[in-house]
Amino acid sequence: MSSDSTKPDAPILLQGKLLIADPSLRDGTFNRSVILLTSHQTDAGAAGLILNHPTGKVVGDFLKSVEFTGLQHLAVHDGGPVMRDQMTFTSFWWSKKLGLRWALRISVEEALAHARRPGRIVRAFLGYSGWSPGQLESELDRHSWFPAGPQPDLLGHDHDRVLWAALMRRLSPLHKILAEAPDDPFLN
């Protein structure tokens, strides 16, 4: 495929975009999720982290070693269904020139250093979300996800289930209605 974005068959590269789950994705993993795509290549697939699924646990619940003392109260998020038995640390910040930036799979020392820098947030994630080549594109064709560019206020939001509705409301008037609908409208 050509990388010339003026051609109709040009690949759509979504690295750095947010994927906002369609309300029809009701499985436990992706229900009302917001995923930051940290990588996306048409021939290699895609990977990202669910930003808004806190587990209700903190790093200290999992890692007892003294080296994790400075991060023991850091909230742990469900990053996705791949490699859920592995915890990683990621830092996020906003650059006026480049937009949302991140540092993936950083060390404990790097996480502590990032946490001390103004304007940065550090998160712990169990697992990540991944797609094989063509899989994400197929899901996008089925409208399972709504891609959106991150806005400067993203890091100021609580990264919990409320984030999904806040971002859905920004997409369009129809999406605002979907965001405000009950989880299961048939129980209404």
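A salt bridge is a side-chain nitrogen of Lys or Arg within 4 Å of a carboxyl oxygen of Asp or Glu. E180 and R169 form such a bridge, with 3.2 Å between the closest N and O atoms. This pair links distant parts of the chain, since E180 sits in helix 5 (residues 173-180) and R169 in helix 4, eleven residues apart. E180 is partly exposed, at 49% relative accessibility, and R169 is also partly exposed, at 36%.

The model is predicted. A search of the whole structure gives three salt bridges, listed here.

| D78 | R84 | 3.1 Å |

D153 lies in the loop between strand 9 (145-148) and helix 4 (162-171), while R170 belongs to helix 4, so the pair ties together parts that are 17 residues apart in sequence. D153 has a relative accessible area of 34% and is partly exposed. R170, with a relative accessible area of 40%, is partly exposed too.

The remaining bridge joins D78 to R84, at 3.1 Å between the closest N and O atoms. Is D78 buried or exposed? Buried means under 20% relative accessible area, and D78 has 15%, so D78 is buried.

Key:
Residues numbered from 1 in each chain as written. Predicted model: local features only at pLDDT ≥ 70, side-chain atom pairs only at ≥ 80, totals over all residues. Heavy atoms only, no water. Buried < 20%, exposed > 50% of the residue type's maximum accessible area, 1.4 Å probe, protein only. Helix = DSSP H or I, 4+ residues; strand = E, 2+ residues; numbered from the N terminus.
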